[in-house]
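Hi everyone, thanks for coming. Please have a look at the model on the screen, and then I'll walk you through a few places in it.

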Amino acid sequence: ALVARQDAADNAVIAEEAAERAEQSASVAQQSEAVARERAREAQSAEALAHSRELAASAVAVLADDAELSMLLALEAIDAAPPGETASPAGVLALREALQQHRLLRQLPGEFTDAQISPDGSTLFVTSERDRSVMALDSSTGAVAWTFHDPSIVDAVAEFQRMRILHLSVSPDGALVAVSIPDLSTLVGAESSAAPARVVVLDAVDGEVVEALEFPCPLSTAQESGFTPDGSWLAIHTGDARCFDFESPEASWVSLFDTTTWQEGARLQMEGAVLEVANFNADASRFLIHDLATANAELRSFPQQELINQIPDSRGYWRLGPTGEQMVLRAPTDSRRRLLVRAENNETISYLETDDFATGDSMQFSQDGSMLGVPTRTHDYVFSTEDGELLVDLGNTGVTNTMDFTADGTRLLTTNSTGAQIWDLTGRTSTSGTALTVPGADENWINPNAVVD
């Protein structure tokens, strides 16, 4: 009996050891299977990644010749994302480039400090940083039609190479170009002035001088004012010799010159203001006068100049829409956002969401008032003024300095440190971008500088 019990115990131990060995073998088999699955997944992912990169490279390769095909290849590259990834980064980058190129009609290299496009889009008027000249360029070929240059500009400010001194304003009919040339030598305390501040009006066809207006105020300029939308007036910030003196606010104003006789027909002035600029609506029945020093503004009727609305501390970012019913300001709590408001009562219409700080003084309404262009350091946006919807995100190749719409709103001119760009705002793509569904994510709207979440 004792022997039998011992044998039973030994057999139990042997059975237990055998069970342990079987369990270990099963575990090893499971691990081997998991390793095989992981290697297969890695191989599949590597294959998908290689295919996605190949498609993205093809998208970039054909971009210059066929933007439509480039977009399709980029979308395929995104769809070919490895399993578990929401999108192919290479595909997204290729799509950004394709979308931007898709709307970019022409790029003209140059060092431009200001630029305007003729109402019909045929001519670009630009100021050169290199020699401080004004040029008219054919928008299709880049050929120079004429050049205007005043040697006294260079002599007066030779040491201020980066200073933006020439400002342009094009009349609504495209017939005239006003060039503002401030007297910077007086402003910086030079012993003598090379020439007084002046606004020179040029014939847009041949660049010949039509009129030259001289001012005792060294900072006289049509910047941010310029030709009224109805073409009747040329608005110029000016004053007497004390116009830049913050203790003499009565010494500065906005002069309106009749564009037929070039005689001063009216003065616009805001109490306590030092650096007034005026922005008119389409029929010149009302204007927004704004003080760059205090950031206060007033909406008034014209020619009566009766007060309609006061806008305290509008923070220097302002525009009155062509209808006279809308204004754009900087939101008081967030400098990256713009605020579209009703002109008569400051009631908010919409916040304009931007991802970066606006640049320069370049926010522009389209001529019909339906669109608003807002340039920033990294994006160029076009919004609907009806509800603030983002219509187009163009992106840019540098910090945008100026922005200008053609009369029909189908083209947009932008300038930056690399030159001038002409963009197509028509239906070459969806108004807001390209609808895109990526694996593992909801539908996204992709634009040149957008990021797939």
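Pro303 sits in the loop between β16 (297-301) and β17 (307-311). A cis peptide bond links Phe302 to Pro303, with omega at about 10 degrees. When I say strand or helix, I mean DSSP runs numbered from the N terminus: helices are H or I with at least four residues, and strands are E with at least two.

Before going on, a word on where this comes from. It is a predicted model, so local features need pLDDT of at least 70 and side-chain atom pairs count only at pLDDT 80 or more, while totals for chains, interfaces and linings use all residues. Residues are numbered from 1 along each chain as its sequence is written, and side-chain values use heavy atoms, with hydrogens and water left out.

Let's zoom out for a moment. The protein has five helices and 30 strands. Of its 453 residues, 50% count as buried; buried means under 20% relative accessible area, exposed means over 50%, and partly exposed is in between, using a 1.4 Å probe and protein chains only. Take the contacts in the protein with a separation of 6 or more: residues 24 or more positions apart account for 43% of them. Contact here means heavy atoms within 4.5 Å.

Ala284 is not a glycine, yet it has a positive phi of about 60 degrees. You'll find Ala284 in the loop between β14 and β15 (286-291), and it is buried, with a relative accessible area of 6%. Asn346 is not a glycine either, and its phi is positive at about 65 degrees. Its loop runs between β20 (338-342) and β21 (348-352). Is Asn346 buried or partly exposed? At 28% relative accessibility, Asn346 counts as partly exposed.

Now for charges. Side chains of opposite charge can pair when their charged atoms come close. We call it a salt bridge when a side-chain nitrogen of Lys or Arg is within 4 Å of a carboxyl oxygen of Asp or Glu. How many salt bridges does a search of the whole structure find? It finds seven.

Arg300 and Glu298 make one of them, with the closest N and O atoms 2.8 Å apart, and both Arg300 and Glu298 are buried. Another joins Asp424 and Arg411, at 3.2 Å from N to O. Asp424 belongs to strand β28 (residues 419-424) and Arg411 to strand β27 (residues 411-416), so this pair ties together parts that are 13 residues apart in sequence. Asp424 is buried at 3% relative accessibility, whereas Arg411 is partly exposed at 28%. There is also a network: salt bridges with shared partners join Asp240, Arg242 and Glu250. Then we have Glu264 with Arg267, where the closest N and O atoms are 3.0 Å apart. Glu264 is partly exposed at 35%, and Arg267 is partly exposed at 45%.

Stay with strand β27 for a second, as Asn416 lies there too. Asn416 is buried, with a relative accessible area of 1%, and its side chain makes a polar contact with the side chain of Gln421 at 3.3 Å. A polar contact is a pair of N or O atoms within 3.5 Å; within protein, one must be able to donate a hydrogen and the other to accept it, and residues adjacent in sequence count only if both atoms are side-chain atoms.

Next, His237, in strand β11 (residues 233-239). His237 is buried at 3% relative accessibility. A polar atom of its side chain lies 3.0 Å from the backbone oxygen of Glu276. Leaving aside neighbours within four places in sequence, His237 is in contact with several residues, including Leu219, Trp253 and Leu275.

My last stop is a strand and a pocket. β10 gives the most to the lining of the largest pocket, with six residues.
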